[in-house]
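Reader: I've got a chain on my screen and a few things I'd like to ask about it. Can you walk me through it?

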Amino acid sequence: MTETVVSTPKPQPGVAVLVEPPGATTVPRRRSDSAGRLRALDGLRLVAALMVALYHYGGRGGEVAQAWGTSPRDQFPTLHSLFAYGCLGVQVFFVISGFVICMSGWGRPLKSFFASRASRLMPAYWVAVLLVTGVFALPVVAYKAVSPSDALVNLTMLQMPLGVDRVLGVCWTLWAEVRFYALFALCVVLPGANRRRVVMFCAGWMLAAVIAENANMPLLDIVLMPEYAPFFIGGVGLYLVHRDRRDVHGWGIVAVSWLIGQHYAVQSLWHAPDPEAFSYRSSFGIIAVVTFGFVAVAAIALGLLGRVNWRWLTVAGALTYPFYLVHEHLGWVVIQALHRGLGLASGVTFGLTVASMLLLAWLLNKYVEKPLTPRLRAALTKTR
């Protein structure tokens, strides 16, 4: 999962740098462009988050079936097969993340880059971990809470490599994000971002990831993330295209990333038609959703969605990260209370659950992220 970042590149002749509040995506723009924000990217982030929510609420089996009382396949006989594609919202997030992190790290020192990432990710994450742990510990909630020790480890965001039980089901994507941030910081931000270094980073990572696929070395898989690298790299390539739409190397990075990315997506999500399976994803459908992610970010990078500049998209972008953190597990609790407790229809329950999670995300943004993010960033960037 990725989040929108404000970047403050060095001013250049004929370019106005517009610094926007958290939640807006800002890049250098010509003076004729009064908006200066990529609000369409905020909207795309919310679309990706809602795709994942569709998957978690109605596109898979497992513990969500306990909340509904029966399999979501019975609750949504027609739509469940479409909801099953929602898991690909994660790949869309990774493409967005590659774009945004390259934008954020360009012209920024390592200390500032680290402070920006940590202050953006951690406050809402800490509260989400404590909130889900506390709710699951309530006697009226049927779901099992992790042990106190494991909950404390989860606060570090390192539970995945430590093999500790996860509080948040979606935290595996954050572990992928953290590894991407580390690679980009060491290879690009630390020596200083420039076009040549970014191109070499993309080419080197892609080649190393492909080699690692058959090296049978778990450490390489952990570091290089062959299955997800093409999506991050594709996003980085799209930022190069955003800077210069005639950048042949940037377009080449995007094309190779899409070709390899769709391969991994199909490989991991496709299976032969099986009546025993929850649902069937066709290879064409998987490729179509992956292509949507690349094309949507490309359209934003090229300025084709400049008219999509509504102010409410900034709010949508701000809600995406806290919504993504809390929607799955707390959504189960809400579904069970509304559907099995109050007897509301499946469709009504679905809509109210999404709405309640968006409301909770708004509260987390207002009372956790807005006050704590700038304070944590200032503390981490303070000169000693």
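Reader: Which residues does His 80 touch, leaving out those up to four places away in sequence?

Author: This is a predicted model, and in it His 80 lies in helix α4, residues 80-83. Setting aside residues up to four places away in sequence, the ones His 80 touches are Gly 58, Gly 59, Pro 72, Arg 73, Phe 278 and Ser 279.

Reader: Is His 80 buried or exposed?

Author: Buried means under 20% relative accessible area. His 80 has a relative accessible area of 9%, so it counts as buried.

Reader: How far apart in space are His 80 and Leu 54, C-alpha to C-alpha?

Author: Along the sequence, 26 residues separate His 80 and Leu 54. In space, C-alpha to C-alpha, the distance between His 80 and Leu 54 is 8.8 Å.

Reader: On to the helices: are α5 and α14 roughly parallel or roughly antiparallel?

Author: Helix α5 covers residues 89-105 and helix α14 residues 283-301; they pack with their axes 9 Å apart, at an angle of about 30 degrees. Angles under 35 degrees count as roughly parallel. α5 passes α14 in a right-handed crossing. The angle therefore makes α5 and α14 roughly parallel.

Reader: How many nonpolar residues are in the contact of α12 with α13?

Author: In α12 the residues involved include Pro 230, Phe 231, Leu 238 and Val 241. They are part of a set that meets residues of α13, among them Trp 251, Ile 253, Ser 257 and Tyr 264. The contact of α12 with α13 has no charged residues and five polar ones, and the nonpolar count is 12.

Reader: What about Met 225, buried or exposed?

Author: Met 225 also has a positive phi, about 50 degrees, although it is not a glycine. Its loop is the one between α11 and α12. At 3% relative accessibility, Met 225 is buried.

Reader: Which element of the protein chain has the highest mean pLDDT?

Author: The mean pLDDT of the protein chain is 89, with 90% of its residues at 70 or more. Over residues 2-35, the pLDDT is below 50. Strand β1 (residues 15-16) has the lowest mean among the elements, 34, while the highest, 98, belongs to helix α12.

Reader: Last one: how many helices does the protein chain have?

Author: Of the 384 residues in the protein chain, 54% are buried. The chain has two strands, and the number of helices is 16.

Definitions and conventions. Residues numbered from 1 in each chain as written. Predicted model: local features only at pLDDT ≥ 70, side-chain atom pairs only at ≥ 80, totals over all residues. Heavy atoms only, no water. pLDDT = per-residue confidence, 0-100. Helix = DSSP H or I, 4+ residues; strand = E, 2+ residues; numbered from the N terminus. Contact = heavy atoms within 4.5 Å. Axes fitted to C-alpha atoms, helices over the stretch in contact; angles between N-to-C directions. Parallel < 35°, antiparallel > 145°, perpendicular 65-115°, else oblique. Left-handed = near helix turned anticlockwise from the far one by under 90°. Buried < 20%, exposed > 50% of the residue type's maximum accessible area, 1.4 Å probe, protein only. Nonpolar A, V, L, I, M, F, W, Y, C, P; charged D, E, K, R; others polar.
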